[in-house]
Structures are given as structure tokens and as C-alpha cells.
Amino acid sequence: MKTVVGIDLGTQSLKVVFYDFESREIVASQSAALDLYQNDKGAAEQQAHWWLNALTEVMGKVDADIRSSAVAVGVSGQQHGFVPMGQSGEVLAPVKLWCDTSTVAECDQITTAYGGPQKCIDEVGNLILPGFTASKVRWFANEGGSLYDQLHSIMLPHDYLNYYLTGERCMEAGDASGTGFLNIHDRTWSSDMLKAIDPNRDLSECLPPIRTESGAIGHIHTEASRKTGLPEGIPVSTGGGDNMMGAIGTGNVSSGKVTMSLGTSGTIYAYSDKPVIDPRGEIAAFCSSTGGWLPLMCTMNCTVTTELMRGVMGADIASFEAQVSSAPRGADGVITLPFFNGERTPNLPRAKACIIGLDAQNTGPENLLRSAMEGATFALRYGVDRMRELGIEASEICLTGGGAGSLTWRRVVADVCDTPVTVLEQDEGASFGAALQALSLLEGCETGDFQQLVDAHLTRNEALCCEPKASAVSFYNESFANYQQAVNAITPLYS
């Protein structure tokens, strides 16, 4: 047996899959939970050594014979996190994550120094938003003191795992496009943006080489082999951000398909063979990891919303599914604005969640849970509509992430977005995409030639796919309009 390994470093857990590519079978899938530090000022941080501990733990759960069958590894990681590394590879401070909203002031400072929001969009492709890496680097410059002086390498979470496994420092263009300081048009660092982040230091000296082509970035070294049980010397692919690897893992490598991830955050993205620049900055202009571009919208609160409400209601997964399926469409008028962690789209980093429309008749757990699900979906529907306005049509939505396991949620997505929903047999998303990228090393795929690979290794789960229903589509169009009206009403409170 020969396997390729996909490692996905998420927010809540680190996951690994071993895929026997000859028998087309996932032979092992394990995960380990991760802690998360948050406070009321918007901070969201993890320690990098937690990731390494989780990697050791999760590999220990996999049979030694399966680990020894690995012939290549790919790494996926949560985007935007800032890993500040010293010259000897030590991590200098806690890692600020994608969901950290404590750097609003730094975003404003960078944007002003660069010349304003429109110039950022026109020249680099994206606004400087609190989730992106750029403001975290500025924050470290402002607050890090002598530790900032020791900064030798700016890395992203997946880059750090690559470094741990191989000793190589590099950054992949897809993941790098979420930093805010990559020019997404030509996949090069923006020297002007780096100056806007810190005019007193040449930050390009802290940036590793950008990898724009598929290939191996190195090989598992002796110490990593000893700690993980992976064979020494096997190649490690470039890897990428979780959305970029999720695109591979859902077959989103050519035009016409949209992937929607119902994870801690919600994301919706599509492949494009040219840059897609949103003049409003709502759709992020990212690069893909397959040679194209990956226009993407992210919401900060997806399964966060349903998990928090499940906790309040004391509902386990089975009870949650039973209650949301029994509640009526529209939750009897209850509307949840799911901004528990602030929000990126709309750009309201200081926002709080709101539940409106409650009365003496509709205040019940089933409506509160259903409204949480629908609110998270409405937030993503906005992205579907905005992409359509930018010329990106979806013939289908491929669902991935934990929320895709809910029958009711799949139906809600199809009806709210008026688009057929596809679920794959290979439901591992980003981790499976990382494994397929690792497989591409063995099969000699060129950067822009992933279609044949995904066609060979991805299949639809027909039992879980669903079509929109006309009556539900009409109902949800009105409900979505009500949701948007509520968002507009609370926006002045948190702007």
C-alpha cells in the first residue's frame, strides 16, 4: 500500500488523512483539538507549539504501518495567521489568527499610508482588512518592542508546518495572497505596501521566496520523521491556505463551480483564469494554488453561530438536526445576525450578534436554532449574489465543512441560493485537497493541470446532493431581503 498524506491545520483542530491513491480509499483520518485564546478586545491567538503538539498527537493515533506507507505529504492551513519567527526558527510571540479583530487601528494606519482604500484595490487587489496578515505585522511593529527587532521571517500557519517538516522557509502564492501585501496580479510582493506597513524597515528581507508553481518544497527531515512517524526523505508539496486546498479537494479547479465551506468561518469561492477585482472590496482577490485565481468571500461566523446556539440550548447534534428540521422556514420571523466574532463581510469588525423578531409566540429553541442556521447561510448568499454581479455564475455549489453534514442545512443552502448543491464522497475538504496536491508530485501534474487529477479521485455522493425547490426559493428571497434590511439597520451601531 502507498498513501499520500493531507494535513489540515484549522482553528479548532488539526486533521490528517492518509489516502491510498491506488485503491481510491482514505485508510486513516484523525484529528486533535486545538485551544484558542480570545478576549473582549478582539484578540484571537494560538501558540505555534500547540500545532506541533497536535500534529504529534494526531499522528500517534494512526497505525504505524499506515504511517510508513506514506510517499508524499501536503499541508493545508488556516489563512492570514501571522507567525513571527526569529533567525533560529523560534516563534517570537503568540500567533494572531484570521479571526483576530484587534487590529482595526493598524488597518486604518496602513490604508492611509498607502494612499487610501481605492488605491489598495486598484494596485494590490484587496482592501487591508482586520483578518489579513498585514495589520498583524503592523501591530507587532507597534507593540512587540525588542521582539519585533528580532523578527527574521514572516510566515503563515501552513508555512510554519512546512518549515517544521522540512526545514525550508517559503510561502505559496495562494496563501500569500491573503496577507494583503502580495500584488495578486503578478504574484510578487508589493514593496509600496510593505513600506506602508513599516516605513522604517525593509520587510522584504523578512519574507521567504514565493512559490508560484506546484512542486516539492523539501523532504521530511530526520527529526520530523522521528516525531511524526512519517518516512524520512519523502517529499512535501507546496501546500497552501485552507481555501486553496479546499478548492482542490472539492474539484474547484475550472470555471463554473462554486465551493461553499460551512466551517468555523464561512467561505464561498470560485476558480477564475483571470484576476477578479471587486471595486467594493467585498470579494477578496486571491490567487489559487492551481495557477489561476480564487475570488472569495469570507464570513467570520458560520458554524460558530450554530455551535454557540447549540450550547445555549443544550442541544447535541441529533437534537439540533431534529429541531431545525421541525421549525418552519424563516423560523417564524426570528432573524439572527450572526456577528459573534465581529464580521468581515460586511466589514464590521466591532459588531455583535443580534437576534430580532422575537415575540411571545415564536420564542422557542427550534426557531432560535433554525434562525442561527439561516442567518449564517444568508451571510453567504450575499457572496453568491456579489460574485454573480462580478460575472461569476455558479452552475452548482459544492458544500464542504462540518455544516455540510446536516441534511436541513444542505437544503437551506440550495433554496436560499437557488442553486443545486453537490456533496462529494470524499468529504475531507482541505485535508483531502492537500493530499491530492501531494499526489500531483508523483503524477507530474503541471500547476494548471489539476482537472484530470480531481476527475480521477473525486466522486459525487448522490444521496446527499439536493436541488432547490421553487416555493422555498421564493420564500427565502423575501427572507433574505428582510435579513439585509436588518443588517443595514444595525450597521450604524457598530461602524
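Are F378 and F480 buried or exposed? I found F378 to be buried, and F480 likewise; buried is under 20% relative accessible area, exposed over 50%, and partly exposed lies in between, with a 1.4 Å probe and protein chains only.

**Basis.** I worked on a predicted model, in which local features need pLDDT of at least 70 and side-chain atom pairs count only at pLDDT 80 or more, while totals for chains, interfaces and linings use all residues. Residues are numbered from 1 along each chain as its sequence is written, and side-chain values use heavy atoms, with hydrogens and water left out.

**Cores.** I looked up the largest nonpolar core, which has 51 residues; such a core is a set of buried Ala, Val, Leu, Ile, Met, Phe, Trp, Tyr and Cys residues joined through side-chain atoms within 4.5 Å. M260, L262, L337, I397, L399, V413 and Y483 touch the most other members. Elements that each supply at least two residues include β17 (257-262), α14 (365-389) and α18 (470-494); helices (H or I, at least four residues) and strands (E, at least two) are DSSP runs numbered from the N terminus. The largest share, 10 residues, comes from α14. I then noted a second, separate core of 42 residues, which includes V16, A44, L55 and Y163.

For Y483, I left aside neighbours within four places in sequence and recorded contacts with I335, T336, L337, P338, F339, G375, F378 and A379; contact means heavy atoms within 4.5 Å.

**Aromatic rings.** My search of the whole structure gave 11 aromatic pairs. Rings of Phe, Tyr and Trp (its six-membered ring) pair if their centres lie within 6.5 Å; planes under 30 degrees apart count as stacked, over 60 as edge-to-face and the rest as tilted. Y19 and F432 form an edge-to-face pair, 4.8 Å centre to centre with 75 degrees between the planes. This pair links distant parts of the chain, with Y19 in strand β2 (residues 13-20) and F432 in helix α16 (residues 430-443), 413 residues apart. Y19 counts as buried because its relative accessibility is 2%, and F432 is buried at 0%.
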